[in-house]
Amino acid sequence: MEQPLPTAAAEAAAAGGDGDGEAYRIRPLELADISRGFLGLLNQLSPSPPLTEEAFRARFEELAALGADHLVLVAEDAATGRLAAAGAVLVERKFIRRCGRVGHVEDVVVDAAARGRGLGERVVRRLVEHARGRGCYKVIINCTSELTGFYAKCGFVEKNVQMGLYF
């Protein structure tokens, strides 16, 4: 039997999702989500070569082994079972700030057909809550300048400059 990634958020989801009674349920990623459109959703964020079911399962198990330091949430349409949004938070353990922790929000995406319904904000707020619950002293996200307004609505403020080195 498949299990969601084990976290406090998973326990809350098992106890009734996020309790808002809306048409979408925010919950942890499950193995079966490969057939609910998860990879297609991620492809809207960053086009990638196809991923086999075996590769998906292996990565899912690898992330599950990280426990509460890695959480992937999805927004599932209650009527169709299809996924309409996703996002992840990774908890980095630091030496600075008295061995503090930092949450890194990554891979936030809302299906093009479901945008404008507040799903992205709901997912991001749940990820931030998870990071706070893990003892993070801050949560950070890298985004394009076009998305700064969205993340400001989620409570983020622009700080520093992001740079990248891609291979």
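pLDDT is the predictor's confidence in each residue, on a scale from 0 to 100. What you have here is a predicted model, and its protein chain has a mean pLDDT of 89, with 87% of the residues at 70 or more.

Where pLDDT is low, though, the predicted coordinates should not be read in detail.

## The chain at a glance

Count up the secondary structure and you get 6 helices and 5 strands. Walking along the sequence, the order is α-β-α-α-β-β-α-β-α-β-α.

The chain has 167 residues, and 37% of them count as buried. Take the contacts with a separation of 6 or more, and 65% of them come from residues 24 or more positions apart.

The 5 strands make an open sheet with mixed pairing, in the order β1-β2-β3-β4-β5. The edges belong to β1 (24–28) and β5 (136–141); each has a single partner strand, so one side of each is left without a neighbour in the sheet. From one strand to the next, the twist averages 20 degrees.

Helix α2 (residues 38–45) packs on this sheet, where it touches β2, β3 (83–93) and β4 (101–110). The direction of α2 makes about 95 degrees with that of β4.

## β2 and its two partners

Strands of a sheet pair through backbone hydrogen bonds, either parallel or antiparallel. On one side, β2 (residues 70–77) runs antiparallel to β1, and 5 bridges join the two. If you want landmarks for that pairing, Pro-28 stands opposite Leu-73 in β2, and Ile-26 has Ala-75 as its bridge partner.

The pairing of β2 with β3 is also antiparallel, over 7 bridges. Here Val-72 stands opposite Ala-88 in β3. These two strands form a hairpin with 5 residues between them, and Gly-81 in the turn has a positive phi of about 80 degrees.

How many of the residues of β2 are buried? The count is 8 of 8, so the strand is mostly covered, given that buried means under 20% relative accessible area. In a regular strand the side chains alternate between the two faces of the sheet. In β2, His-70, Val-72, Val-74 and Glu-76 are on one side, Leu-71, Leu-73, Ala-75 and Asp-77 are on the other, and all of them are buried.

In soluble globular proteins, nonpolar side chains tend to be buried together. In this chain, the largest nonpolar core has 24 residues. Those with the most contacts inside it are Val-105, Leu-119, Val-123, Val-124, Leu-127 and Phe-156. At least two residues of this core come from each of β1, β2, β3, β4, α5 (119–133) and β5, and α5 gives the largest share, 6 residues.

Which residues does Val-105 touch, leaving out those up to four places away in sequence? The list is Ala-88, Val-89, Leu-127, Val-139, Ile-140, Ile-141 and Phe-156. There is also a second, separate core of 12 residues, and among its members are Leu-29, Phe-38, Phe-60 and Val-109.

## A few residues to look at

Arg-98, with phi near 55 degrees, is in helix α4 (residues 96–99). At 83% relative accessibility, Arg-98 is exposed. Asp-107, with phi of about 50 degrees, lies in strand β4. The relative accessible area of Asp-107 is 41%, which makes this residue partly exposed.

Finally, have a look at Gly-155, in the segment after α6 (148–153). Is Gly-155 buried or exposed? Its relative accessible area is 58%, and the cut-off for exposed is over 50%, so Gly-155 counts as exposed. Gly-155 and Val-128 are 27 residues apart in sequence, while their C-alpha atoms are 9.6 Å apart in space.

Conventions:
Residues numbered from 1 in each chain as written. Heavy atoms only, no water. Helix = DSSP H or I, 4+ residues; strand = E, 2+ residues; numbered from the N terminus. Buried < 20%, exposed > 50% of the residue type's maximum accessible area, 1.4 Å probe, protein only. Contact = heavy atoms within 4.5 Å. Pairing = 2+ DSSP bridges. Axes fitted to C-alpha atoms, helices over the stretch in contact; angles between N-to-C directions. Core = buried A, V, L, I, M, F, W, Y, C linked by side-chain atoms within 4.5 Å.
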